[in-house]
Amino acid sequence: RGKRAFIAGVADDNGYGWAIAKSLAAAGAEILVGTWVPALNIFESSLRRGKFDESRILPDGSLMEITKVYPLDAVYDSPEDVPEDVKTNKRYAGSSNWTVQEVVESVKKDFGTIDILVHSLANGPEVSKLLSETSRKGYLAAISASSYSYISLLKHFLPIMNPGGSSISLTYIASERIIPGYGGGMSSAKAALESDTRVLAFEAGRKNRIRVNTISAGPLRSRAAKAIGFIDMMIDYSLVNAPLQKELTAEEVGNAATFLSSPLASAITGAVIYVDNGLNAMGVGV
Ligand code: NAI
């Protein structure tokens, strides 16, 4: 049978999560997605109304099928963690079972197991602030949504991942080089995510024969990136300075994710794989 993938962090057709879903679908995988609760209604109604149909077209002309969309808020591990004001919030009250533990229970009930886990989400409420001006609350929120969310997803999914499976996340070079503008502790969150990739690769490899990698992606004009505010500048900078002078497409990151999730990558784990037109290899701008 084909492999089954759960992709956390898909709420429109512009981001890396969507492109990864498409590439995995083109390779024959069954697609389940986790969509942030406040974005769920508009995503599902857009899907239903055919707003994404053009973006759903796969290389063979068929449309990507998303077998099921699960509401998810990856900053909450179980119902006890959800504060009252979130529970009663209009955008949350209409959905249920969206904490990490409950989503995994639902997937288990619906499908039994998965083979591929993709984490394509991040959030840093103070991303536009300098790191040196970030509050404790903002810093911890960035780490919670962007780093621990991955540990939590992997921790809960591991028991229902088939041996030989693979898990990937998305990171950004601001973890290891200075990228002014990527503030609020988001650079720290990506550094944690990359370090955790190595440790989790060891633990998940030894225990469950699961591979764990992260893709350090170049700049893409996604919804999240537009919110940060400097994405056009980053894309222009890459066009001028990277070894490959072309715009990076989400599809290229999707294809790398599919490779990493496939048996072709069976000895790759604990790695940070750059999919950025080579920009990471430059020492100075030109
Ligand atoms: P995106 O906006 O398509 O994806 C981010 C998703 O995270 C959104 O769907 C949002 O609803 C979801 N999300 C936020 N908080 C959540 C929560 N608490 N629970 C569940 N979902 C939540 O944007 P993009 O850029 O494709 O982001 C995907 C990943 O790629 C992120 O990890 C990002 O840091 C990474 N990345 C993006 C780059 C870019 O230039 N766009 C460059 C390098 C890495």
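Start by selecting α6 and helix α7 (residues 186-208), which pack at an angle of about 20 degrees with their axes 8 Å apart. Helices here (H or I, at least four residues) are DSSP runs, as are strands (E, at least two), all numbered from the N terminus. Axes are lines fitted to C-alpha atoms, for helices over the stretch in contact, and angles run from 0 to 180 degrees between N-to-C directions. α6 and α7 are therefore roughly parallel to each other; angles under 35 degrees count as roughly parallel, over 145 as roughly antiparallel, 65 to 115 as roughly perpendicular and the rest as oblique.

Before you go on: this is a predicted model, where local features need pLDDT of at least 70, side-chain atom pairs count only at pLDDT 80 or more, and totals for chains, interfaces and linings use all residues. Residues are numbered from 1 along each chain as its sequence is written, and side-chain values use heavy atoms, with hydrogens and water left out.

Back to the pair: α6 passes α7 in a right-handed crossing (left-handed if the near helix is turned anticlockwise from the far one by less than a right angle, right-handed if clockwise). Show side chains for Y139, A142, I143, S146, S147, Y150, I151 and L154 of α6, which make the contact with M186, S188, A189, A192, L193, D196 and L200 of α7. Contact means heavy atoms within 4.5 Å. Color by class and you get eleven nonpolar, three polar and one charged. Ala, Val, Leu, Ile, Met, Phe, Trp, Tyr, Cys and Pro count as nonpolar, Asp, Glu, Lys and Arg as charged, and the others, Gly among them, as polar.

The crossing of α5 and α6 is right-handed. Pick out V100, Q101, V104 and V107 of α5, which touch S152, L153, H156 and F157 of α6. That contact has five nonpolar, three polar and no charged residues.

Next, select helix α1 (residues 16-26) and helix α10 (residues 250-261), whose axes come within 8 Å and cross at roughly 55 degrees. That makes α1 oblique to α10. Their crossing is right-handed. Y16, A19, I20, S23 and L24 in α1 meet a set in α10 that includes A250, V253 and T258.

Select I173, R177, I179, Y237 and L279, the closest to its centre of the 21 residues that line it. α9 gives the most to this lining, with four residues.

Last stop: what lines the largest cavity? Select G218, P219, I235, S238, L239, K246, E247, L248, D276 and N277. The volume of this cavity is about 50 Å³.

On a 1 Å grid over the protein atoms alone, a cavity is a set of points where a 1.4 Å probe fits but cannot get out, and a pocket is an open set with protein on both sides within 12 Å along at least five of seven lines; lining residues have an atom within 4 Å of a point. Grid points are joined across faces, edges and corners, and a volume is the space filled by probe spheres set on the points.
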